[in-house]
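Thank you for making time this morning.

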Amino acid sequence: MRNPVGRERRRARTGRAPGAGRRAGRVLAAGAVVLGLSGGAVSGAGAVERAGAVERAEADLGYHGVATLIAGETDVRLVPVNHGPSAVADATVRLRWSEPLADEQPQLPAGCARSGGQAVLCRTGALAVDGVGERIDLRVRLEGAPSEVVVDLDTVWSGGALDRNRLNDRQRVLVLDTGDEYYF
């Protein structure tokens, strides 16, 4: 048997009958389930509104492409991919070389900018669910003429979307100075 005196103390302290908080929580949870089943409204970049709270949208970004190295110049062609479940208005991919970039560079494509001594950042543009973005063609000149270079690619900004599978948006490619194409 429950202590009736304890029940009265809870009622006096909270102003609610015992168990009222649990009932309200069940009602809120049921409402959230119904709203979740019906879907939420998109609000802002990478956010989904559900029952008055803002929750991050999810997207699974990845990159596929090819890299070559000839006499200290690397060519990287890559295509961003969004496996969903939400669209992404824009994202940024970072390409980082294991060797320093030369001071003078060929012109970078629109939407790309050098970042420090060994990296370049590029916008992907909008990526629809299960969509493929526009190809990014990038040529950089390295200091000297190394016989090999490692190129690391990763997403540094995903438009506010949460990416639970970070394995496919992080690539590491060893490129030898052979003129051969190395796929990732």
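When I speak of a contact, or say that one residue touches another, I mean heavy atoms within 4.5 Å. Please keep in mind that this is a predicted model, in which local features need pLDDT of at least 70 and side-chain atom pairs count only at pLDDT 80 or more, while totals for chains, interfaces and linings use all residues. Residues are numbered from 1 along each chain as its sequence is written, and side-chain values use heavy atoms, with hydrogens and water left out.

Let me begin with the whole protein. Its secondary structure comes to two helices and 13 strands, where helices (H or I, at least four residues) and strands (E, at least two) are DSSP runs numbered from the N terminus. Of its 184 residues, 34% count as buried, and here buried means under 20% relative accessible area, exposed over 50%, and partly exposed in between, with a 1.4 Å probe and protein chains only. Among contacts between residues at least 6 apart in sequence, 67% join residues at least 24 apart.

Now to the interior. A nonpolar core is a set of buried Ala, Val, Leu, Ile, Met, Phe, Trp, Tyr and Cys residues joined through side-chain atoms within 4.5 Å. The largest one has 28 residues, and Leu 78, Leu 95, Trp 97 and Val 120 touch the most other members. Several strands each supply at least two residues of this core, including strand 5 (73-85), strand 6 (92-97) and strand 8 (119-123), but the largest share, five residues, comes from strand 4. Leaving aside residues up to four places away in sequence, Val 120 touches, among others, Leu 95, Trp 97, Cys 112 and Leu 138.

Cys 112 brings me to the disulfide, which is counted when a pair of cysteine sulfur atoms lies within 2.5 Å. Cys 112 is joined to Cys 122, with an S to S distance of 2.1 Å. Because Cys 112 lies in strand 7 (residues 112-115) and Cys 122 in strand 8, the pair ties together parts that are ten residues apart in sequence. The torsion about their S-S bond is about 115 degrees, so the disulfide is right-handed. Cys 112 is buried at 13% relative accessible area, and Cys 122 is buried at 1%.

Finally, the backbone. A cis peptide bond joins Gly 84 and Pro 85, with omega about 15 degrees. Ala 71, although not a glycine, has a positive phi of about 50 degrees; Ala 71 is found in the loop between strand 4 and strand 5.
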